[in-house]
Amino acid sequence: MKILISKLPLSGWWNSGIPKYKDNPAMQEGIKPDLNKLNSERKNLISILKNEKHDIIEIEFPKNLDKKNQKHDFIFVRDHFISNQKNKIIILRSGEPLRRVENIVMNNILNKIGYDTLQIPNITGMRADGGEFYFCPKENILFSGIQRNTQSGIDYVSNQLKVNELIILNGKGYHLDTFFTPVLNNDNILCAIISCCEMLTNQSKKDL
């Protein structure tokens with residue numbers, strides 16, 4: 001599997017302090033990350049992924065986003081797009097308006113390194129965030145959160161991916177990936193699910 005990872009900004013990540021998004025309870029405004037720890041954890045992550053024989057693609061942190069008062073999360077590149085792991089890449093439309101510039105930047109980066117992309121329509125009310133999706137290609141199942149996605153955004157992505165099954169999970173987290181993840185075996189087959197069921201609505205538990 002090819003995995004895209006951003007390098008860190010030269011100025012330091014959130015060097016003026018973390019911003020606060022209204023729908024993210026984990027963010028404490030003004031806190032400055034420990035850059036040494038961040039560098040160490042990033043190196044460890046890359047090492048683990050390479051040991052698992054994944055193809056790591058490191059991209060430079062965009063210079064036009066490397067500013068003193070950063071109001072974006074470009075380092076979390078999973079949020080910007082979704083792929084069917086074959087030949088289709090959909091550039092998403094972030095649920096957080098401040099982050100939509102990242103979708104544009106990521107589209108340009110992927111085009112420059114040879115990938116064809118499809119951009120989600122820039123329509124008011126249409127939102128789709130990578131952290132709200134898990135696509136399991138072998139089974140052709142798409143799991144979606146509903147916190148930063150809207151139904152129109154979910155429908156667009158599921159239609160473009162031509163999934164066999166769409167499972168929408170509503171929970172208290174600000175992203176699906178904060179309380180849910182599928183587990184794939186060495187053959188990329190869905191074999192288990194990890195979920196904090198206490199955070200799911202009763203209907204979502206039934207659907208899951």
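Predicted model: local features only at pLDDT ≥ 70, side-chain atom pairs only at ≥ 80, totals over all residues.

Trainee: Which residues of helix 1 are buried?

Mentor: Arg42, Ile46 and Leu49 are buried in helix 1. Looking down the helix axis, the buried residues fall within an arc of 65 degrees, so they line one face of the helix.

Trainee: Why would residues a few places apart point the same way?

Mentor: An α-helix has 3.6 residues a turn, so residues three or four places apart point the same way.

Trainee: OK, and what sits on the face of helix 1 turned away from the buried side?

Mentor: That face carries the exposed residues Asn36, Lys37, Lys43, Ile48 and Asn51.

Trainee: How many residues does helix 1 have, and how far does it reach?

Mentor: Helix 1 has 17 residues and reaches 24 Å from its first C-alpha to its last, close to the 24 Å expected at 1.5 Å a residue.

Trainee: What happens at the two ends?

Mentor: At the start of helix 1, a side-chain oxygen of Asp34 comes to within 3.1 Å of the backbone nitrogen of Asn36. Just after the helix, Lys53 has a positive phi of about 70 degrees.

Trainee: Switching topic: how many salt bridges are there in the whole structure?

Mentor: A search of the whole structure turns up six. One of them joins Lys7 and Glu60, with the closest N and O atoms 2.8 Å apart. That pair links distant parts of the chain, 53 residues apart: Lys7 is in the loop between strand 1 and helix 1, and Glu60 is in the loop between strand 2 and strand 3.

Trainee: Are those two buried or exposed?

Mentor: Lys7 is partly exposed, at a relative accessible area of 31%, while Glu60 counts as exposed at 54%.

Trainee: And where do Asp79 and Arg99 come in?

Mentor: Their side chains meet in a salt bridge, at 2.7 Å from N to O. Asp79 lies in the loop between strand 2 and strand 3 and Arg99 in the loop between strand 4 and helix 2, so the pair ties together parts that are 20 residues apart in sequence. Asp79 and Arg99 are both buried.

Trainee: Which residues are in a network with them?

Mentor: Asp73 and Glu102: they are linked with Asp79 and Arg99 in a network of salt bridges.

Methods. Residues numbered from 1 in each chain as written. Heavy atoms only, no water. Salt bridge = Lys/Arg side-chain N within 4 Å of Asp/Glu carboxyl O. Helix = DSSP H or I, 4+ residues; strand = E, 2+ residues; numbered from the N terminus. Buried < 20%, exposed > 50% of the residue type's maximum accessible area, 1.4 Å probe, protein only. Expected span 1.5 Å × (residues − 1). Arc of directions from axis to C-beta. Polar contact = N/O pair within 3.5 Å; in protein donor to acceptor, adjacent residues only side chain to side chain.
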